Amino acid sequence: MKRYLKYARPYRTAFILGPVLMIAEVIGEIMLPKMMSLIINNGVAERNSGYIISMGLAMAFVAALMAICGIGAAYFSCKASVSFTSDLRQELFAKVQQFSFKNIDQFSTGSLVTRLTNDVQQLQMVVMMCLRMGLRAPGMLLGALFMAFIMNARLAVIILVVIPLLAAAIGSIMYLAYPRFTVMQKKLDAMNSGIQEALTNVRVVKSFVREDFEEERFNKANTDLQSNSLRAMKIVMATMPVMMLAMNITTLAVVWYGGNLIIGGSMQVGDLTAFTTYIVQILMSLMILSMIFLNFARAMASVKRIDEVLQAEIDLTDDKAAYKDLEVKEGRVEFKDVSFSYEDGGAAPVLEHISFVAEPGQVIGIIGSTGSGKTSLVQMIPRLYDASAGQVLVDGVDVRDYSLHHLRNGVGMVLQKNVLFSGTIEENLQWGDENATMEEIRAAADASQADGFVTSFPDGYDTDMGQGGVNVSGGQKQRLCIARALLKRPKILILDDSTSAVDTATEAKIRESFNTALKDTTKFIIAQRISSVEEADQILVLDDGRIVGMGTHQELLESCEAYQEIYYSQREKNEEVSA
Ligand code: DCP
Ligand code: MG
């Protein structure tokens, strides 16, 4: 709870004013029935019209004050809760942005979306409710109880019997509701994840004609959420009628007993009217309290989920970096007996005993069958993941000793599964360098063989990209992604299968321009085709997480069996094609 005070602090005025004004309203609410009983007893019964008018005016004044305080209280409570949760959401978003790849693997995107929206919303609702009702309900309860006892202690005893019964009922309702709300939020997660996946990949769904399947899957998640919501709501629903029943029975008992007292002459009529109002107020405040508790139970389930995000330990930070100001200058990369696995101490390592050196300006080709660990290997250079054992050095310094900012600025990476963002092509390329001039942008696009097709578009660099870059071809998208990485002018450039959708002739041109435009940059090129890495200064051949061959194309052809296999299988295919 303490953690959340931080978000409340900037809005403390609203947080205090809301409940304070509310208390003023409650005092008025308690005074009114008493004033009413005075009118009946002293004005109506005594036929004193002067008294009725003056007391009536006083009541109107109190009512007007109450209205003003009520509006103020509602405004400040609303402002406090909305601002509070908006800050919280901002902080959550910032936290998720800091997440390492490993953290992201742990939460599903759908779950994160639910946590940042629905769960925060639940919390906002309960904060608002607490501010508006949290003091009002107990205040009214105590005030009305006090007044009732002053008026007629014997009659008030009836209430004392009802309260513990109701309290027990509310307690058990909360006890039952909390776990059900927790399950409900989980189901909401599942449904959101389903929507997320199906919508982002709607094209794949369509191409496999899996709409019915997806609909069925969604239907399942949706009905699951429906039944679990009903299960939770059923309990909430029960609260209201139970409270109403208690209220009616108590009122009945009071009127019956109080009526007898009036007939016996030991109570005035006006007192009984006031008394029944107090009874209603007491039971109402109990009802409101039970609602608050219920929503509290629900919000607690949400707070726990929000907490999981806020408390998630970011396993990849630069807190312990020894050289925070160091920037990547040369681009020399060295792996020293590096092993890696995605789960700590879990399954068999994905990479084992990797050692090699890439000198500045060199081209390093990486080749190997799918799943051999190529992507995993290069991801350790910009610290998207950390090595489980051994060291990755850039310019002779452990990557963990750089600040993440400087390290990643020095490394340009085109991910295997890359996307463009909504916005123009120019804006997308400016991700690499937000201050890039048009000439620089064109130069980068030229090097990645993108300038040609971009200028052929009617809007050129102002062409709007669909989300994820859907309105360009796969090969065009890859070339734009390369241009974006080039604009960073990185010391180390990593292309993870980034030209797989580009024809060999264009790919050769891209490689050629690298030799002139990026002479000093160390380039890692992951590829499936031998032709993509043939001219590399050094080729690493990966197999099942181990380096099974290292050297130039010629050396490997002579010595490395795995490389020969790939080479001859691809040559045969090429011959088949040309034949
Ligand atoms: N792996 C994993 N968790 C991830 C990513 C991968 O457990 N988040 C596993 C799957 C593979 C192994 O790691 O068995 C190596 O995966 P890579 O992505 O490194 O493999 P490649 O990049 O070599 O494969 P491809 O050529 O298909 O891109
Ligand atoms: Mg890969």
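Me: Which strand holds Asp-337, and what makes a run a strand?
Reply: Asp-337 has its place in strand E1, residues 333-340. Strands are DSSP runs of E with at least two residues, helices are runs of H or I with at least four, and both are numbered from the N terminus. This is a predicted model, where local features need pLDDT of at least 70, side-chain atom pairs count only at pLDDT 80 or more, and totals for chains, interfaces and linings use all residues, while side-chain values use heavy atoms, leaving out hydrogens and water. Residues are numbered from 1 along each chain as its sequence is written, with chains lettered from A and ligands numbered from 1 in the order in which they are written.

Me: Why is Asp-337 called partly exposed?
Reply: Its relative accessible area is 41%. Buried means under 20%, exposed over 50%, and partly exposed in between (1.4 Å probe, protein chains only), so Asp-337 counts as partly exposed.

Me: What about Asp-544: buried or exposed?
Reply: Exposed, at 61%. Asp-544 is in the loop between strands E11 (538-543) and E12 (546-551).

Me: What is the phi of Asp-544?
Reply: Positive, near 50°. Asp-337 has a positive phi too, about 50°. Most residues other than glycine have a negative phi.

Me: Which residues does Phe-514 touch?
Reply: Among them are Ile-482, Leu-486 and Lys-519, leaving aside residues up to four places away in sequence. Contact means heavy atoms within 4.5 Å.
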